[in-house]
Amino acid sequence: MISILAMYTAVGAFAGILAGLLGIGGGLVIVPMLVFCFTRQGVSPAAMMHLALGTSMASIMFTAVSSFWSHHRRGAVQWLVVRRIVAGILTGTFFGTFVAAWLSTRFLKGFFVIFLYYVAIQMLVGKKPTPNRQLPGRAGMFGAGNLIGVVSSLVGIGGGTLSVPFMIWCNIPLHQAIGTSAAIGFPIAVAGTLGYLVNGLAAADLPRYCLGYVYLPALAGIIGASVLTAPLGVRLAHSLPVDRLKRIFAVLLLVVATQMLRGLF
């Protein structure tokens with residue numbers, strides 16, 4: 001158990017840095033690492049992916065607060081954008097957890113693998129959206145928030161891999177897009193955590209110390225480290241070549257995705 005808790009802490013430290021550095025909330029790392037940990041613990045395969053997604057969402061609540069507050073202090077959060085998109089974010093994310101609860105672990109793993117490959121290829125290519133338009137109106141922002149929320153709930157992330165390109169496309173500068181994405185990650189995490197908690201209350205074959213689809217020992221280990229390391233990621237984001245780091249991270253995602261894909265067959 002000590003080695004497992006140590007791994008949770010290590011995952012949390014890495015996730016916190018990523019949340020501040022790349023604005024991705026860390027879920028892309030947390031979910032596959034939790035699946036690995038749950039496999040070692042003998043967690044039922046039927047509940048494994050749901051637990052990983054729910055626990056990832058719960059951990060992002062804490063990393064997002066630390067991350068967006070650090071960005072806010074640097075003036076990198078556009079709160080008007082957050083207010084305009086939050087309604088769609090909340091409804092889309094919460095609805096997405098009900099969809100996830102209905103889906104099998106195998107399907108969720110497959111969807112997660114496809115998403116990892118998509119994110120990794122986007123990072124390797126390095127192609128940024130052309131900032132050729134302004135933010136849409138209320139209906140457009142609600143629709144964008146719904147889409148970001150649904151996908152985020154199905155892969156257990158804070159939405160940065162979707163919201164950052166969307167905001168860049170709408171003429172928001174990169175650092176502000178990352179900071180605003182970190183702020184958007186908080187309502188995603190809250191709605192996602194609530195949804196996975198509700199949907200997992202009656203689930204069978206869950207390990208001890210679960211609250212719905214949230215595994216509390218993993219949550220404690222992750223947030224204990226991630227809250228401390230997220231501000232470090234923010235400082236690095238303002239001083240390091242983020243594009244180069246994203247390509248290195250993309251290679252890691254490809255390796256993780258390939259390992260998870262092999263596990264499906």
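Predicted model: local features only at pLDDT ≥ 70, side-chain atom pairs only at ≥ 80, totals over all residues.

User: OK, so where does Cys 210 fall, buried, partly exposed or exposed?
Analyst: Cys 210 has 22% relative accessibility, so it counts as partly exposed.

User: And Cys 37, buried or exposed?
Analyst: Cys 37 is buried, because its relative accessibility is 0%.

User: Switching topic: what's up with Lys 109?
Analyst: Lys 109 is buried yet has no salt bridge. The nearest side chain of opposite charge is Asp 205, and that's 15 Å away.

User: Where does Lys 109 lie, and what is it in contact with?
Analyst: Lys 109 lies in helix 5, which covers residues 105–125. Leaving aside neighbours within four places in sequence, Lys 109 is in contact with Val 35, Met 48, Met 49, Met 260 and Leu 264.

User: You mentioned Asp 205. Where is its place, and is it buried or exposed?
Analyst: Asp 205 is in the loop between helix 8 and strand 1. With a relative accessible area of 57%, Asp 205 is exposed.

User: What about the phi of Asp 205?
Analyst: Positive, near 65°, and Asp 205 isn't a glycine. Most residues other than glycine have a negative phi.

User: Which other residue has a positive phi, about 70°?
Analyst: Asn 171, again although it is not a glycine. Asn 171 lies in the loop between helix 7 (160–169) and helix 8 (174–200). At 36% relative accessibility, Asn 171 counts as partly exposed.

User: Last one: which residues form the nonpolar patch on the surface?
Analyst: Leu 201, Tyr 209, Leu 211 and Leu 216. Together they have about 410 Å² of accessible area.

User: Where is Leu 211 placed, and how does it score on accessibility?
Analyst: Leu 211 is in strand 1, and that strand runs over residues 210–211. Its relative accessibility is 41%, so Leu 211 counts as partly exposed.

Terms used. Residues numbered from 1 in each chain as written. Heavy atoms only, no water. Helix = DSSP H or I, 4+ residues; strand = E, 2+ residues; numbered from the N terminus. Buried < 20%, exposed > 50% of the residue type's maximum accessible area, 1.4 Å probe, protein only. Lys, Arg positive; Asp, Glu negative; His and termini not counted. Salt bridge = Lys/Arg side-chain N within 4 Å of Asp/Glu carboxyl O. Contact = heavy atoms within 4.5 Å. Patch = residues over 30% accessible without salt bridge, like charges linked within 9 Å, V, L, I, M, F, W, Y side chains within 5 Å. Areas by Shrake-Rupley, 256 points an atom, 1.4 Å probe, with all protein chains shown as cover.
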